[in-house]
Amino acid sequence: MLDMGEPVKIAELAGHMVRLSGLEPAFVGRDEGDAARRGDIEIVYSGLRPGEKLYEELLIGEDPGETRHPRIMTANEVSMAWAEMRQLLRRLLEACNRFDYPALRELLLEAPTGYQPRGGIEDLLWHAQQANRKQAQGDGDHPETPVDLVPLKNAMSSEM
């Protein structure tokens with residue numbers, strides 16, 4: 001793992017990129033009045049979309065190991081035996097082929113991945129399929145697995 005230094009603000013980076021092109025950025029969405037809107041290229045603050053993060057975790061654990069170089073570290077994280085990983089991958093593929101997002105989420109929560117979702121399922125297609133299915137069936141007492149989506153081809157063939 002590499003120490004990449006201090007975080008970079010995306011707005012500053014975008015402004016520098018615009019200026020390197022010989023133009024001036026116009027930062028839209030800030031409370032700086034008309035002066036902020038003057039410029040050649042608008043930089044719009046749109047906020048986070050579902051599933052986006054402000055910070056990226058590089059380690060599941062909090063225990064990086066040292067190397068001879070002060071800005072290069074090793075990661076000592078949980079791993080799985082190949083047989084156990086293969087079983088997990090098969091179960092994930094089966095859930096994918098059924099379009100069973102709740103099962104996928106549960107499998108990822110059970111695996112030693114450090115997966116900690118902060119919200120619900122954010123897949124718009126899946127939500128639309130669920131709404132269509134419930135409307136067609138007239139009730140919501142059935143498992144939340146869409147039946148009219150086409151399964152993925154079996155990407156995990158006999159080598160597993």
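Arginine 71 sits partly exposed, at a relative accessible area of 40% (partly exposed lies between buried, under 20%, and exposed, over 50%, with a 1.4 Å probe and protein chains only). This is a predicted model, where local features need pLDDT of at least 70, side-chain atom pairs count only at pLDDT 80 or more, and totals for chains, interfaces and linings use all residues. Residues are numbered from 1 along each chain as its sequence is written, and side-chain values use heavy atoms, leaving out hydrogens and water. Below are the salt bridges, then a helix pair.

**Salt bridges**

- Searching the whole structure turns up 3 salt bridges (a side-chain nitrogen of Lys or Arg within 4 Å of a carboxyl oxygen of Asp or Glu).
- Arginine 71 pairs with aspartate 3, and their closest N and O atoms are 4.0 Å apart.
- That pair ties together distant parts of the chain, 68 residues apart: aspartate 3 is in the segment before helix H1 (10-20), while arginine 71 is in the loop between strand S3 (64-66) and strand S4 (73-75). Helices here are DSSP runs (H or I, at least four residues), as are strands (E, at least two), and both are numbered from the N terminus.
- Aspartate 3 is partly exposed too, with a relative accessible area of 35%.
- Glutamate 24 and arginine 19 make another salt bridge, with 3.8 Å between the closest N and O atoms.
- Both ends of that one are partly exposed: glutamate 24 at 43% and arginine 19 at 41%.
- Aspartate 100 meets arginine 98 at 3.4 Å, N to O.
- In this pair, aspartate 100 counts as buried at 14% relative accessibility, whereas arginine 98 is partly exposed at 39%.

**Helices H2 and H3**

- H2 (residues 82-97) packs on H3 (residues 101-110) at an angle of about 160 degrees, and the axes are 9 Å apart. Axes are lines fitted to C-alpha atoms, for helices over the stretch in contact, and angles run from 0 to 180 degrees between N-to-C directions.
- So the two helices are roughly antiparallel (over 145 degrees; under 35 is roughly parallel, 65 to 115 roughly perpendicular, and the rest oblique).
- The crossing of H2 past H3 is left-handed, meaning the near helix is turned anticlockwise from the far one by less than a right angle.
- On the H2 side, Leu88, Arg91, Leu92, Ala95 and Cys96 meet Ala103, Leu104, Leu107, Leu108 and Glu110 of H3, with contact taken as heavy atoms within 4.5 Å.
- By class, the H2 contact with H3 has 8 nonpolar, 2 charged and no polar residues (Ala, Val, Leu, Ile, Met, Phe, Trp, Tyr, Cys and Pro count as nonpolar, Asp, Glu, Lys and Arg as charged, and the others, Gly among them, as polar).
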